[in-house]
Amino acid sequence: MPLTHIEYGSLASSDTMNNNFEYLDNRITTVANNLTTTSSSIYSNIASLNSTFSQANEEIEAEIETLSTDLTALRNDFNSKDITPDYSKAVVVYNSAGWGSLTIDWDGWLEFDLYCNQNSAAYQFYIDSIMVGATASDEHDRASGIVLVKSGSVASWNGSQSIVIRKIPFVGG
């Protein structure tokens, strides 16, 4: 039953007053129950979200730990395979003149030194058909270089001048 309107200055019966108070009490109780139900639902959702976030956080922390372990292993592996040339261990693998080729049987560095001792005799040096060095066609011109090579590559050169090829291993083995 709705509230009964009581005009200003009029006398209301105790029955009307009691009905109005009862109506208000019922409305307050209904609103309070709705607030309690809504609050409980919100608290339940917050607890569920906290649980989900905690679980996701634990999974992320575990993945970060795994990633950190993998990065450390990768860094250690990379450091053990230092590809810096170890010049102190360079070995001459070819020292002659004329046209030629050499099949590379190592992973590492190859150093070449070309020497042209006559005019009009340009000299080219190739790794797998890619020119990596050349002399001019001037008398006493030189060309030197160092290239990273892999086993199975082919070094080739043309010309009738002198050439020295050295194998230079990696510092990291």
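## Ground rules

Two strands pair if DSSP finds at least two bridges between them. Helices are DSSP runs of H or I with at least four residues, strands are runs of E with at least two, and both are numbered from the N terminus. This is a predicted model, in which local features need pLDDT of at least 70 and side-chain atom pairs count only at pLDDT 80 or more, while totals for chains, interfaces and linings use all residues. Residues are numbered from 1 along each chain as its sequence is written, and side-chain values use heavy atoms, with hydrogens and water left out.

## Overall form

The chain has one helix and eight strands. Along the sequence the pattern is α-β-β-β-β-β-β-β-β. The helix, α1, covers residues 14–80.

How does the radius of gyration of the chain stand against that of a compact globule of 173 residues? The chain has 44 Å, whereas the globule would have a value near 16 Å. The radius is taken over C-alpha atoms, and the globule rule is 2.2 Å times the number of residues to the power 0.38. Along the principal axes, the C-alpha atoms fill a box of roughly 135 × 35 × 25 Å. Of the 173 residues, 21% count as buried. Buried means under 20% relative accessible area, exposed means over 50%, and partly exposed lies in between (1.4 Å probe, protein chains only).

## An enclosed strand

Strand β3 spans residues 108–116. Eight of its nine residues are buried, so β3 is largely enclosed by the rest of the structure.

Which strands pair with β3? One is β6 (residues 141–149), joined to β3 by nine bridges and running antiparallel. Here Leu110 stands opposite Val147 in β6. Another is β8 (residues 162–168), which pairs with β3 over seven bridges, again in the antiparallel sense. Phe112 stands opposite Ile165 in β8.

## The four-stranded sheet

Four strands form an open sheet in the order β2-β7-β4-β5, with antiparallel pairing. Its edge strands are β2 (100–103) and β5 (130–134), and each pairs on one side only. Neighbouring strands are turned by 20 degrees against each other on average, direction ignored. Axes here are lines fitted to C-alpha atoms, for helices over the stretch in contact, and angles run from 0 to 180 degrees between N-to-C directions.

Inside this sheet, β4 (residues 124–127) and β7 (residues 154–158) run antiparallel and are joined by four bridges. Tyr126 has Ser156 in β7 as its bridge partner.

## Two residues in a loop

Asp128 lies in the loop between β4 and β5. Ser129 is found in the loop between β4 and β5 too. Most residues other than glycine have a negative phi. Asp128 has a positive phi, near 50 degrees. Ser129 also has a positive phi, of about 70 degrees.

Are these residues buried or exposed? Asp128 counts as partly exposed because its relative accessibility is 39%. Ser129 has a relative accessible area of 66%, so Ser129 is exposed.

## A nonpolar surface patch

Leu3, Ile6, Met17, Phe21, Leu24 and Ile28 form a nonpolar patch on the surface. Together they have about 530 Å² of accessible area, from the Shrake-Rupley method with a 1.4 Å probe. Patch residues have over 30% relative accessible area and no salt bridge, with nonpolar side chains (Val, Leu, Ile, Met, Phe, Trp, Tyr) joined within 5 Å and like charges within 9 Å. A salt bridge is a side-chain nitrogen of Lys or Arg within 4 Å of a carboxyl oxygen of Asp or Glu.

Met17 is found in helix α1. Met17 counts as partly exposed, at 31% relative accessibility.
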